[in-house]
Amino acid sequence: MTLDIAPSKETYLSKSIFNLEFENLFQKSWFFAGVTSDLPEAGSYKTLHYAGYSYLLIKDRNGNLRAFHNLCRHRGVELLEGDGKLEKHITCPYHRWTYSEEGRLIAVPSQKTCFADLDKNSWNLKNAGLGILNSLIFLHPDPDACFENWIAPVKDFLWPHDPTSSELKEQPELIYEMQCNWKIFAENALDGYHLSHLHAETLGGPRPEENEWIRCQDHLIWYARDGDGDRHSLPLPVRDSLERRRASKIAHVKKHVFGGVYFLFPATLIVPTPYNFSVSQLLPSDEGSTDLLVRNWSLNSWFGGEDYSLKDIDGYDPETGKIRSVKWSRPALKSNDFQTEDVWIAEKRHKGLRSPAYETGPFADGSGGEEAVLWLYSALRRQIDYPDQR
Ligand code: FES
Ligand SMILES: [Fe+2]
């Protein structure tokens, strides 16, 4: 299949196209910011960065989550760092303007002398958009962005997993530092054609006629249909292997049918299975580098093995806290890990882009082929005014 929106090499290599995407997509989108149990008690806070902006989440004394832009209203200094428990208020280190946990400006040093006319009510922290779904927290830079509108297209197909349930245990958070354009990783995540090839040893399929992506406006959901033809969240060889090993299933998800991958446009991936649950967020750094943050909850561990610690992860670089392919000790295809295989192939694709011999080939027909990649581009084109690529 060919389509007039098939991406040219400039789509991945151009700094100006990346800037367009950064400003018109990532700085105007919902993104995954954590889970409600990241803020366990009144006064807990968590800060994070996404697409160049700094955010602050606080659990207030009534147990409600609040989301702010993490900037002092005086000179814009970043207020808090990391995560923890508020002393009582939020005090800016520069001139000690102080805000309540509700974001109200409550104290300004030397106010009478320096700011005689200041109306403190006009200088509260600015809110960010906040949405919570099955204990997952999503943020948006615009406080008026409507979370319900964004999530509505997948509402009828949701996963039942609650990562804050006592049944589940979180494994260490992983950050892959990938040397590729963000769209290359996203395309691969939507590519049903590669599953039975690149992942022959790790997932074992399914073939294009045995899997499908369904389109929910700009979001996409993937199902494995190998074996009995029903919709499953895992490929048949993985289902069989887990059954043989009598791996325990998560009790609260047992009775449900749900997808195996949810691609929430533009850059969040949710992977629920009967055995574990993971959420990944792409964090584009520049046109040629992208971080992938992965959080994973399981009964025991990834597909029923032992718990892992970061130092056990091949490629983990303690200096940066990230997993980097240059640190891998063995070939990706010997890693026994499909995530490693995907990162490896995304970096290999990116490397080939500069060659004069590079041109985009045809896309595999079908929603279990590569059609979903083209759906991604049609969604991107609705949001971004790309310069003509052809
Ligand atoms: S920048 Fe925060 S008090 Fe001045
Ligand atoms: Fe893959």
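Analyst: Happy to; we can go through the domains and then some local details of this predicted model.

User: Great. Which domains is the chain divided into?

Analyst: Domain 1 takes in 10–24 + 157–383, and domain 2 covers 31–144. Taken over C-alpha atoms, the centres of domain 1 and domain 2 are separated by 32 Å.

User: And how many residues from each domain does the contact take?

Analyst: Domain 1 puts in 12 residues and domain 2 puts in 10 residues.

User: On the domain 1 side, which strand gives the most?

Analyst: That would be strand β17 (residues 276–286), with 3 residues on the side that touches domain 2. By class, this side of domain 1 has 7 nonpolar, 4 polar and 1 charged residues.

User: Nice. Switching topic: where are the cis peptide bonds you can tell me about?

Analyst: One runs from Gly205 to Pro206, with omega near 0 degrees. Another joins Phe265 and Pro266, where omega is about 10 degrees. For background, most peptide bonds are trans.

User: Where do those two prolines sit?

Analyst: Both are in loops. Pro206 is between α5 (182–189) and β13 (211–216), while Pro266 is between β15 (261–264) and β16 (268–272).

User: Where is Leu236 placed, and why does it count as partly exposed?

Analyst: Leu236 is in helix α6 (residues 236–244). It counts as partly exposed because it has 18 C-beta neighbours inside 10 Å, and a residue needs 20 or more to be buried.

User: What about backbone angles: which residues other than glycine have a positive phi?

Analyst: Ala51 is one of them, with phi near 50 degrees, and Ser110 is another, at about 50 degrees. In general, most residues other than glycine have a negative phi.

User: Where are they found, and are they buried or exposed?

Analyst: Ala51 is in the loop between β2 (44–50) and β3 (53–59), and with 17 C-beta neighbours inside 10 Å Ala51 is partly exposed. Ser110 is in the loop between β8 (105–107) and α3 (111–114); Ser110 has 9 such neighbours inside 10 Å, so it counts as exposed.

User: You mentioned β8. What sheet is it in?

Analyst: β8 belongs to an open sheet of 3 strands in the order β6-β7-β8, with antiparallel pairing. β6 (90–91) and β8 each have a single partner strand, so each has one side without a neighbour in the sheet.

User: How many bridges join β7 to β8?

Analyst: There are 2 bridges between β7 (residues 98–99) and β8. Thr98 has Ala107 in β8 as its bridge partner.

User: Last one: how many residues does helix α8 have, and what covers its buried residues?

Analyst: Helix α8 (residues 371–383) has 13 residues and reaches 19 Å from its first C-alpha to its last, close to the 18 Å expected. Its buried residues are Glu371, Ala372, Val373, Trp375, Leu376, Tyr377 and Leu380. The cover over the buried residues of α8 includes α5, β13 and β14 (219–224).

Technical notes
Residues numbered from 1 in each chain as written. Chains lettered and ligands numbered in written order. Predicted model: local features only at pLDDT ≥ 70, side-chain atom pairs only at ≥ 80, totals over all residues. Domains from an automatic or database assignment. Contact = placed C-beta atoms within 7 Å. Helix = DSSP H or I, 4+ residues; strand = E, 2+ residues; numbered from the N terminus. Nonpolar A, V, L, I, M, F, W, Y, C, P; charged D, E, K, R; others polar. Buried ≥ 20, exposed ≤ 12 C-beta atoms within 10 Å, placed from the backbone. Expected span 1.5 Å × (residues − 1). Pairing = 2+ DSSP bridges.
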